[in-house]
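This report describes parts of a structure for a reader who is new to it. Please look over the sequence and the model before reading on.

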Number of protein chains: 2
Amino acid sequence: MSTTVGNPTIAFWFEFASTYSYPAAMRVEEAARAAGVAVEWRPFLLGPIFVAQGWNDSPFNVYPAKGRYMWRDLARVCAKLDLDLQHPSAFPRNGLTAARVAQIALDEGWGPDFVRAVYTANFAEDREIGESDVIAEIVASLERDPDAVLARATAPENKERLKRTGEEAARLGIFGAPTFVAGEELFWGNDRLEDALAWAKSGAAA
Amino acid sequence: MSTTVGNPTIAFWFEFASTYSYPAAMRVEEAARAAGVAVEWRPFLLGPIFVAQGWNDSPFNVYPAKGRYMWRDLARVCAKLDLDLQHPSAFPRNGLTAARVAQIALDEGWGPDFVRAVYTANFAEDREIGESDVIAEIVASLERDPDAVLARATAPENKERLKRTGEEAARLGIFGAPTFVAGEELFWGNDRLEDALAWAKSGAAA
């Protein structure tokens with residue numbers, strides 16, 4: 001069990017298509033700051049992990065009763081957090097381009113703003129975040145050059161990096177999003193954020 | 001939306017094989033009493049609901065990464081509640097006889113004690129609750145006559161009642177356990193108990 005002395009950290013693993021990643025992404029920075037914990041933002045793709053479990057679609061579409069519940073529960077969660085929610089007209093949306101851009105944005109220090117803007121577009125504004133044009137608009141709204149950013153995002157080494165991240169997710173045992181990782185402990189779901197922060201702070205061993 | 005004036009109530013839907021139903025069953029009575037909310041205990045079988053979703057086994061066995069996570073998370077949840085947990089040597093165990101007996105026990109006023117004793121046997125003592133002998137021992141430990149109770153439990157009308165309960169669960173949109181129902185709102189999972197109690201108290205409409 002790794003224990004971080006003086007600078008506790010959690011890794012925040014998220015997928016732009018993931019519904020519960022939305023409230024998690026919107027609140028993780030503030031919650032972690034209040035707890036004195038650093039956040040490592042880890043965009044990844046759930047698709048390959050779902051395919052490995054035999055799903056070609058979101059489990060919320062594969063299992064309709066679970067899907068109906070999720071949308072209702074998400075509405076309650078967002079209402080509690082005072083977050084806008086608009087049931088997206090398409091679900092799940094393809095998070096590939098957004099995840100590639102997020103890697104660049106995180107390198108350059110505007111990652112959290114970009115991540116929140118994409119989630120807001122998908123879940124509060126019903127915009128098609130799977131389209132490069134929409135991602136370009138979001139990048140521009142953050143006063144970055146969309147053409148330059150998208151070129152870096154689609155460069156071979158950046159594509160490869162996202163693939164490696166996906167392999168790392170599978171190796172860690174991640175099967176859904178959001179997942180918080182503190183030391184070697186996984187915490188799955190927006191509602192486990194506080195537990196993950198407490199674990200990181202305590203440096204507790206299993 | 002039904003609003004209960006003066007006597008807010010939640011229904012607690014549980015399945016004896018369900019792992020997260022264990023901490024929920026152990027704490028629901030005390031948490032509800034503290035909140036001033038009554039509890040209606042609803043034993044049911046998840047099997048038919050899982051079969052309708054295409055699973056012939058617990059999803060925690062069907063999806064091993066999710067299963068590994070669940071056992072670790074359950075250990076953390078139980079540690080927090082100071083509840084013993086022993087990874088059962090068989091999972092899931094058949095909850096049919098226990099559910100039938102629970103219906104009788106709830107009618108006769110010893111239901112919550114029986115429910116907690118069965119969960120303790122399954123998840124803290126690694127006993128085979130699928131066997132009638134084990135259920136009989138639990139009934140005897142509560143100073144009830146096992147033969148008489150098991151005879152009532154396996155009478156046709158009691159069997160039929162459990163089937164109708166399962167149909168009601170499906171109609172309500174229940175897809176897992178534990179599920180708390182407050183008014184027409186579903187709250188799935190041990191970690192949603194507090195939300196369900198708050199909803200019942202507020203009589204809030206959707």
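## Terms and basis

Burial is judged by relative accessible area: buried means under 20%, exposed over 50%, and partly exposed in between, with a 1.4 Å probe and protein chains only. The model is predicted: local features need pLDDT of at least 70, side-chain atom pairs count only at pLDDT 80 or more, and totals for chains, interfaces and linings use all residues. Side-chain values use heavy atoms, with hydrogens and water left out, residues are numbered from 1 along each chain as its sequence is written, and chains are lettered from A and ligands numbered from 1 in the order in which they are written.

A:Ser132 counts as partly exposed, because its relative accessibility is 36%. This residue is found in helix α7 (residues 132-141) of chain A; helices are DSSP runs of H or I with at least four residues, strands are runs of E with at least two, and both are numbered from the N terminus. Leaving aside neighbours within four places in sequence, A:Ser132 is in contact with A:Thr97 and A:Leu150, where contact means heavy atoms within 4.5 Å. Between A:Ser132 and A:Asp107 there are 25 residues in sequence and 20 Å in space, C-alpha to C-alpha.

A:Arg116 lies in helix α6 (residues 111-123) of chain A. It counts as buried because its relative accessibility is 18%. Not counting residues up to four places away in sequence, A:Arg116 touches A:Ala25, A:Met26, A:Glu29 and A:Trp41.

## The sheet of chain A

Chain A has an open sheet of four strands in the order β2-β1-β3-β4, with mixed pairing. Two strands pair if DSSP finds at least two bridges between them. The edge strands of the sheet are β2 (38-43) and β4 (185-188) of chain A, each of which pairs on one side only. From one strand to the next, the twist averages 25 degrees; axes are lines fitted to C-alpha atoms, for helices over the stretch in contact, and angles run from 0 to 180 degrees between N-to-C directions.

Strand β3 (residues 179-182) of chain A pairs with β4(A) in the antiparallel sense over four bridges. Within this pairing, A:Phe180 has A:Phe187 of β4(A) as its bridge partner.

## Strand β1 of chain B

In chain B, five of the six residues of strand β1 (residues 9-14) are buried, so the strand is largely enclosed by the rest of the structure. β1(B) pairs with strand β2 (residues 38-43) of chain B in the parallel sense over six bridges. B:Phe12 stands opposite B:Trp41 in β2(B), and the bridge partner of B:Phe14 in β2(B) is B:Pro43.

β1(B) also pairs with strand β3 (residues 179-182) of chain B, in the antiparallel sense over three bridges. Here B:Trp13 stands opposite B:Thr179 in β3(B).

## Helix packing in chain B

Two packed helices are described by the angle between their axes and the distance between the axes. The axes of helix α1 (residues 21-35) of chain B and helix α6 (residues 111-123) of chain B come within 9 Å and cross at roughly 145 degrees. On the side of α1(B), the contact is made by B:Ser21, B:Tyr22, B:Ala25, B:Met26 and B:Glu29. On the side of α6(B), B:Pro112, B:Val115, B:Arg116, B:Tyr119, B:Thr120 and B:Phe123 take part.
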